[in-house]
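Open the model in your viewer and keep the selection tool at hand. This tour goes from stop to stop.

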Amino acid sequence: MDLTPSTRKEMAAVLREASAAGRVVDIRGAGLHARRGRPFTADEVISTRGLTRLVDHVPDDMTITVEGGMTVQEVQGAAAAHRQGWPQAPAEPGVTVGGVLAAAVSGRRRLRFGPIRDSLLEVVVATGDGRIVKGGGRTVKTVTGYDLPRLLTGSLGTLGVIVQATLRLWPLPMAETWFGATGDDAAMLDLGQQVIADLHRPTAIVASPSALHVCLTGVPDDVVAPPGMQPGGEPHGPVGAGLVQVGVPPVALPALARRLAADGQDYEAWLGTGICHVAVASAGEVAAVRDLAALHGGHAQVIDGDDPLRADPFGPPPPGADIMRRIKDAFDPAGILCPGRFAGAEAVPA
Amino acid sequence: MTTAATGLADHLRDLLGPDRVLEGDLARSLYSHDGSIVDGACGLVVLPETTEEVSACMRMAHAAGVEVTPRGSGTGLTGGAVPLDGGLVVSLARMRAMDQVDVANSCVWVQPGVLNLDVSTAVAHLGLHYAPDPSSQQACSIGGNVGTNAGGPHCLAYGVTVQHVMGVEMVRPDGEVVVLGGVAPDPPGYDLRGVVVGAEGTVGVVTRVLLRLTPLPPDVRTMLLDFTTVADASAVVQGVIAEGVIPAALEMMDRNMTLAVEEFVHAGLPTDAAALLLVEVDGTEAEVTTATAVVERVAREHGVRTVRVARDEDERALLWKARKTAFGAVARVKPSYYLHDCVVPRTKLVEIMEAIGEITEREGVMCLNVFHAGDGNLHPIIALDRSDPDETARAMRAGDQIVRACVAMGGTLSGEHGIGVEKRDYMPLVFDHDDLEAQACVRRAFDHSGRMNPDKVLPTGTRCGEVGLADAQVPEGTWI
């Protein structure tokens, strides 16, 4: 069987057959966010890379509709031709639209532009039992029916395969620059806090153990180096065997980062948002980071790592886990889509 | 099951006392209506003041198998807060407490009965505001805003309610209390918070809401532009955004509406203009200066007659008063109105305005337009006298044709008011059977019993698998 379907109907048919046969499937775009959620064993891997068409782009409406296997870079390219962009998306090369939506990967510009879920207007998925389901709408504003786009964002391929997405685009800014400074962690965090206090709507303030990166966006007069900073590139992100994403109340982030630095752990703290990515080397470190996050009023989930690192990727079951399980059962009645992967799933029976 | 003959009223009185359980004819009649033209049937009303009381009421309703409709201020325009079949109304209007503002994290927990405008008023001294600003913001409640995922003029740049609700506390249909979301971003699991916002009270009763507060912009400029054709005004809407400027708000008003509003507010609006644009830009001083120049240039390219820039806060407030009292001003024309909330792609504005003009002229009804032009969110208001059955019938027919025209142009049914009862049976225009069934399954995952605000949002016959939602027939005698 062709496991790289080239139309949504083929995708639905493949899933319908897998459901009928009880074959467990994994869904793969570029594979850059595949190591998320609880490990499970798949009988086969279905690729979205046959679904790469640009379906509709209306520059004057600032919306673009693409298939799920198209890359974020391709979307940005099509948008840029009309001086538009998708600022909520992450910048990693090769990553697919379906991938970043399914994994809810927001880009570093989140502080100004919000999380990626806010950019998804309409979504079309092929469910586990091979139905094609659309939710949301292509207009920039809609409250017509239940919010399937938000439900699908971050569902990790457990509810369906995102075969098509309509995204809200934004004008490219007149000016945008990353600024950098280096110094010890405490000085960088203080400098970052100062930028938050001084500036109206900075785009990104990224603190790491020995550097601070600030992105400013807007009219040229506003895009000037904050005191103590120089123009430079984007940060590279923490490096380790695995990565944990911490979410804490924004005000708690500097204290959490200071503690990580004291423990010698590499991190990237998005000041003002409460998000921090932490490099981890072992399941023990995952647990330690989670304890630290909980101490600061937040949570931690493993967003990259091999199977042993992801033995407990989410921590305690989320509130409403029974609701989540019923939604999962409705979208994937045979339980073939990445079973056990999502938070709230009970251990998969052997 | 209706509330009668269950003994439920006695249990509720034991819990809340006689003053907070309303059973009289007057109360039941009042709570059978909201801001829409839907007439429902209310069996009983409770006025809880705490989450614990809501939870206890819900447990009793659960035990009695009674249907529950949550209600905020009752300003909704689609019948979402109207019980249709003699069920229990849980009014959250007395739950008006706000926690202390979490200034460091720019957020605040509030009870659902808190009025929208009261939030911004309460936090203004901290340099913060609550961005979504429905025109009814002096009267509508946060709980209702959450139910309908409410919008408002400033949602063009700032986003709708769901983007400003960080968390909700909700009493589930069986009385259990659950907290979804919170100050810490991106909690593990599906985004149930995102589903609850905009679910129109069909998944539970929201009892506390964590609102994101937004810094007040350092600079604001408000402009009133007037045009001799709707097409010119629409071209400016398109042109400004094409230049890369997203104004904080970009509102249009047609001549009929301008006449009604000016008589009411006396804001010095040019009543001979075919269309007015109210444009607000905000941000840093440099951003505002740049955006203002773009707006003025594009407006002049499209034949603007005058550009009136508000000189001070008083004039700005007056211009916004003219915009936000527009619905009320319709009362000077006719005693009632029938309003739609469709959205079209921004590129279809001229086309849809022409279509609305043709439809309402053909049906012989008066239509006034005031709407969020920047995001294509229309509000054609058909003025009518409901005591005139012929006019009412024509208004209904015109409304129906307007909805269909919007959908045919690639639009959708509602931008910010929700579906309720009134748009419910239009859902198959935008969603097919499988789409609607999937939505029914999401709803059922929250409310297995089908007792939460039944007969709303999803059309008759929509089922999740083999098990139907509550029998989604509009009861006989319901007037839509």
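What follows is a short walk through chain B of a predicted model.

**Stop 1: the domains.** Colour chain B by domain. Domain 1 covers 8-91, domain 2 covers 107-215 and domain 3 covers 219-327. Domain 4 runs over 334-408, and domain 5 over 424-468.

**Stop 2: a sheet.** Select β1, β2, β4 and β3 of chain B. In that order they form an open sheet of four strands with mixed pairing. Go back to β1(B): two bridges join it to β2 (42-46) of chain B, and the two strands run antiparallel. Look for V21(B), which stands opposite V46(B).

**Stop 3: where domains 3 and 4 meet.** Show both domains of chain B. Their C-alpha centres lie 22 Å apart. Domain 3 gives 18 residues to the contact, and domain 4 gives 15. On the domain 3 side, α8 (230-242) of chain B supplies the largest share, six residues. That side holds 12 nonpolar, three polar and three charged residues.

**Stop 4: helix α11(B).** Select 313-324 of chain B. The helix has 12 residues and reaches 16 Å from first C-alpha to last. Which of its residues are buried? They are L319(B), W320(B), A322(B), R323(B) and K324(B). Their cover includes β11 (219-227), α9 (255-265) and β16 (366-371) of chain B.

Notes. Residues numbered from 1 in each chain as written. Chains lettered and ligands numbered in written order. Predicted model: local features only at pLDDT ≥ 70, side-chain atom pairs only at ≥ 80, totals over all residues. Expected span 1.5 Å × (residues − 1). Buried ≥ 20, exposed ≤ 12 C-beta atoms within 10 Å, placed from the backbone. Contact = placed C-beta atoms within 7 Å. Pairing = 2+ DSSP bridges. Domains from an automatic or database assignment. Nonpolar A, V, L, I, M, F, W, Y, C, P; charged D, E, K, R; others polar.
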